[in-house]
Amino acid sequence: MADVKAILATKYPAKAHARGVVEWMRKKKPGVSGVLYLEGQKTRMIEDNDETQLFRSCSSPTCLGPALLINTTSDNVDSSTTLPAARCQMHILHTILTMTSLHSLSRQLSPNP
Amino acid sequence: MIWSGLPLSEDEALALYDVDHVLTTDQVASQLARPRSSSTVWAISNQVSDHITFLEFNEKDFSLLKLAIEECRAIKDEYEIALTRHANHISTIAHTAVLKAVKHAKNERELEGLFIAQSISQGAREQAYHSIVASGTAAATLHYQKNSEPLQGKLNLLLDAGAEYNCYASDIVSSSNSPMLPTNRM
């Protein structure tokens, strides 16, 4: 389990996954360039109950649906996350990824740049 | 009084997630409207809120992105395999605890409770699916749902249970014609 612990001590590789999706799309449609917009879910209450329904795509208790916005205008990745603007229960967590150069990304992700 | 605790702060999200910037949701529209060299947007149909518009974009594609994600998520990377292994590690502890407890248990429900207790104690708050704890001939029911029958007089136990860790699942089935069951004990 030592390997597993070391791996899980790092961040979930969201950028690598986003890059993989863009690479797959470019195989189907060369030159894919623009914005990928992915939205999560708003809070849904259990009927006649003061608790929210379980949202299974993200473990953060405040994450009620991540939205992913990937800008592929260049080969760059620069990513952003947006959090609830209003500090209340009805909010959405947005994740915004903007692609910067794949080369500079690999340097960013490398533990020893 | 706070309803369910403080939401994640921008700094906390930045430390937690693999992202470069953290913004608030009221800035989504302005982010979408930012000038870009390409004017195409990809999204998933029926998964765009009413208040989100793609007016700034000349081209919109609502099919390729979903297909791309479905294809890409089929192949797990090292991190995802580690999450799955950890979920399986927790389930293994819970399965072992259940089989050790069989000789003292009187009803299937005690074993289901023990599996969940072990999962949560080990850090897996959610189950990947509802456990199937089927003793005797109930083991032949594919999706047995009772989990509440007595163990007295039963010769075997089927335990189909898996914990979920950070949204990654485990799925373990054991079937034992077990000397640990009360009937089979010497």
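Predicted model: local features only at pLDDT ≥ 70, side-chain atom pairs only at ≥ 80, totals over all residues.
A pair of packed helices is described by the angle between the axes and the distance between them. The crossing is right-handed. On the chain A side, the contact is built from A:Gly20, A:Val21, A:Trp24, A:Met25 and A:Lys28, and helix 3 of chain B supplies B:Leu64, B:Leu65, B:Leu67, B:Ala68, B:Ile69, B:Glu71 and B:Cys72.

Turning to chain B itself, B:Ser119 sits in helix 5 (residues 108-121). With a relative accessible area of 0%, B:Ser119 is buried. Its side chain forms a polar contact of 3.0 Å with the side chain of B:Gln127. Leaving aside residues up to four places away in sequence, B:Ser119 touches B:Ile90, B:Ala94, B:Ala124, B:Gln127 and B:Ala163.

Most residues other than glycine have a negative phi. B:Asn147, however, has a positive phi near 50°, and lies in the loop between strand 5 (132-135) and strand 6 (157-161) of chain B. B:Asn147 counts as buried because its relative accessible area is 4%, under the 20% cut-off. B:Cys167, also not a glycine, has a positive phi of about 75°. This cysteine belongs to the loop between strand 7 (163-165) and strand 8 (168-169) of chain B, and its relative accessibility of 29% makes B:Cys167 partly exposed.

Note on methods
Residues numbered from 1 in each chain as written. Chains lettered and ligands numbered in written order. Heavy atoms only, no water. Left-handed = near helix turned anticlockwise from the far one by under 90°. Helix = DSSP H or I, 4+ residues; strand = E, 2+ residues; numbered from the N terminus. Contact = heavy atoms within 4.5 Å. Buried < 20%, exposed > 50% of the residue type's maximum accessible area, 1.4 Å probe, protein only. Polar contact = N/O pair within 3.5 Å; in protein donor to acceptor, adjacent residues only side chain to side chain.
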